[in-house]
Amino acid sequence: MKKIVSLLIALVIVAAAFASCGSQTPKENDYTLSIGVAVTETLSKNKIAETAATIITDADGKIVLCRIDCVEYTAAYGEDGALSTVAPISKFALGDNYTMPSGSWAKQTASFESYVVGKTQDEVAKIALNGGKATDAELVASCTFDITDLINAVNNAFKSSHKINFKSSATEFKAGLSVVSAVKDSSTDDSKNAKFTATYSAAITVNDAVILAIMDCAEADLIGVSEEGSSSLSFAGTKREQGDAYTMTSGAWYAQADAYAASALGKTAADIGGLALEGVAGCTMPYSVYDFKAGLEAAVKGAR
């Protein structure tokens with residue numbers, strides 16, 4: 001009996017040795033993560049729309065993964081005569097509750113996300129349009145609305161000067177993109193004004209654990225809002241686009257956002273709720289951390 005057991009152990013060791021000899025360390029590839037926001041205004045209707053895209057590109061500049069979302073705000077008066085400060089929900093978060101005559105925005109946008117995989121910045125920019133709508137039969141079959149803002153958001157992600165380069169041996173990534181918005185009545189004695197803030201959080205996961213995260217924020221002011229529907233826009237670019245020009249007493253916004261994003265690394269959907277609201281090294285902004293935490297939680301739980 002001992003001889004049989006010994007023989008079995010020997011066979012296992014030999015099999016393991018052969019397996020070890022045949023295996024190779026997975027090759028790490030170079031990737032880049034970036035985020036971009038396209039702002040479109042319809043000032044005759046006191047309306048602003050922001051479309052955000054986060055992309056992973058490979059060493060050849062081709063898209064490996066793309067996620068897009070959009071949030072719209074229209075400055076409107078409440079019964080008390082004050083501007084409404086109800087924060088809007090993004091179109092992707094609304095899912096099938098946000099529909100157009102042509103169908104679900106979320107489902108059609110997901111088709112566009114898949115369509116641009118494998119494309120370079122130049123190829124995305126050259127997607128043929130007619131009145132803002134795609135003309136390519138493959139894309140038209142599943143995405144029939146105006147995709148101008150989607151293309152612009154992806155292009156802005158390509159153009160971002162604040163990219164994150166990383167190496168990974170993973171063959172499949174998942175990603176989530178979320179929007180946390182807020183509206184503030186910033187009216188003065190002379191003008192009805194509304195400040196619309198949207199914080200965008202993207203999380204990349206491999207085997208359900210976060211390997212990378214990135215955030216951006218857009219603050220736009222609608223100035224001179226009137227009941228007839230007329231305003232002007234004050235927007236200097238996203239905080240990440242402004243770079244070192246957007247600083248606070250505690251430092252550059254993007255550097256602090258990156259510090260908070262680092263606290264999400266390794267977290268899964270099950271434990272992402274444990275992100276701290278204070279005491280994160282390198283991030284001392286007292287109010288933004290609430291949006292960072294909520295945004296990263298939503299992004300990780302919505303990774304697909």
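Q: What makes Lys293 and Glu297 a pair about one helical turn apart?
A: In this predicted model, both residues sit in helix α9 (residues 288-301). They are 4 residues apart there, so about one helical turn separates them.

Q: Why is the contact between Lys293 and Glu297 called a salt bridge?
A: The cut-off is 4 Å between a side-chain nitrogen of Lys or Arg and a carboxyl oxygen of Asp or Glu. Here the N to O distance is 3.5 Å. That is within 4 Å, so the pair counts as a salt bridge.

Q: Which residues do salt bridges with shared partners join into one network?
A: The network is made of Lys47, Glu72 and Lys91.

Q: How do you know that Glu72 and Lys47 form a salt bridge?
A: Their side chains meet at 3.8 Å, N to O. The limit is 4 Å, so the pair qualifies.

Q: What makes the pair of Glu72 and Lys47 a link between distant parts of the chain?
A: Glu72 is in strand β3 and Lys47 is in strand β2. The two are 25 residues apart.

Q: Why does the contact of Asp96 with Lys107 count as a salt bridge?
A: The closest N and O atoms are 3.8 Å apart. This is within the 4 Å limit, so it counts.

Q: What does the pair of Asp96 and Lys107 tie together?
A: Asp96 lies in the loop between α2 (91-94) and β4 (99-100). Lys107 lies in helix α3 (residues 105-116). The pair therefore ties together parts that are 11 residues apart in sequence.

Q: How many salt bridges does a search of the whole structure find?
A: The search finds 12.

Q: How do you know that Glu50 has no salt bridge?
A: Glu50 is in strand β2. The nearest side chain of opposite charge, Lys195, is 11 Å away. The limit is 4 Å, so Glu50 has no salt bridge.

Q: What makes the meeting of Glu50 and Tyr200 a polar contact?
A: The two side chains come to 2.5 Å.

Q: Why is Gly61 called partly exposed?
A: Its relative accessible area is 25%. That falls between 20% and 50%, so Gly61 is partly exposed. Gly61 lies in the loop between β2 (47-58) and β3 (63-74).

Q: Which residues does Gly61 contact, leaving aside its neighbours within four places in sequence?
A: They are Lys119, Thr120, Gln121 and Phe158.

Q: What makes up the protein chain as a whole?
A: There are 9 helices and 14 strands. Of its 304 residues, 43% count as buried.

Methods
Residues numbered from 1 in each chain as written. Predicted model: local features only at pLDDT ≥ 70, side-chain atom pairs only at ≥ 80, totals over all residues. Heavy atoms only, no water. Buried < 20%, exposed > 50% of the residue type's maximum accessible area, 1.4 Å probe, protein only. Contact = heavy atoms within 4.5 Å. Lys, Arg positive; Asp, Glu negative; His and termini not counted. Polar contact = N/O pair within 3.5 Å; in protein donor to acceptor, adjacent residues only side chain to side chain.
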